[in-house]
Amino acid sequence: MSEAVGQQHPISVYLWIWLLLFVLSGFSYLVDYLHLQGYLRWSLILLFMFLKAGFIVAIFMHMAWERMTLITAILLPPIAILFLIAFMAAEGNYILTIRELVYSLVDFVPAAMH
């Protein structure tokens, strides 16, 4: 590989990634073909999705060869959003549990009916 401006990467890198993406897509279809259900199904689907997206971003968008500052500038916001979504889901589950507990009481009468 040349260190000059406009550096080219060997075509074999791209061909191997294409092959790997093809294999990962085959595994994704295999999950449906085998009629997997429940958490195993969704875990495998998400795993293959993240792997394929990671390879596409790293190789075809040339993020594997970028500086760390650019990588963190692109990857940190989605990671932060995922953490915020997880916190909102946990809080929503807490609120749902509290409402089910309060509204399931036999002697519960809403304040507007007093």
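Reply: The model is predicted. The protein contains three helices and zero strands, and along the sequence these follow the pattern α-α-α. Of the 114 residues in the protein, 11% are buried.

Helix 1 covers residues 11-33. This helix has 23 residues and reaches 33 Å from its first C-alpha to its last, close to the 33 Å expected at 1.5 Å a residue. Just after helix 1, His 35 adopts a positive phi of about 55°.

The partner to consider is helix 2, residues 38-60. Two packed helices are described by the angle between their axes and the distance between the axes. Here the angle is about 165° and the axes lie 10 Å apart. Because angles over 145 degrees count as roughly antiparallel, helix 1 is roughly antiparallel to helix 2. Their crossing is left-handed.

On the side of helix 1, the residues making this contact include Tyr 14, Ile 17, Leu 21, Leu 24, Ser 28 and Val 31. On the side of helix 2, they include Leu 44, Phe 48, Leu 51, Phe 55 and Ile 59. By class, the contact has 17 nonpolar, two polar and three charged residues.

The buried residues of helix 1 are Tyr 14, Ile 17, Leu 21, Leu 24, Ser 28 and Val 31. An α-helix has 3.6 residues a turn, so residues three or four places apart point the same way. What covers the buried residues of helix 1 includes helix 2.

Terms used:
Residues are numbered from 1 along each chain as its sequence is written. This is a predicted model: local features need pLDDT of at least 70, side-chain atom pairs count only at pLDDT 80 or more; totals for chains, interfaces and linings use all residues. Side-chain values use heavy atoms; hydrogens and water are left out. Axes are lines fitted to C-alpha atoms, for helices over the stretch in contact, and angles run from 0 to 180 degrees between N-to-C directions. Helices (H or I, at least four residues) and strands (E, at least two) are DSSP runs, numbered from the N terminus. Angles under 35 degrees count as roughly parallel, over 145 as roughly antiparallel, 65 to 115 as roughly perpendicular and the rest as oblique. A crossing is left-handed if the near helix is turned anticlockwise from the far one by less than a right angle, and right-handed if clockwise. Contact means heavy atoms within 4.5 Å. Ala, Val, Leu, Ile, Met, Phe, Trp, Tyr, Cys and Pro count as nonpolar, Asp, Glu, Lys and Arg as charged, and the others, Gly among them, as polar. The expected span of a helix is 1.5 Å times one less than its number of residues. Buried means under 20% relative accessible area, exposed over 50%, partly exposed in between (1.4 Å probe, protein chains only).
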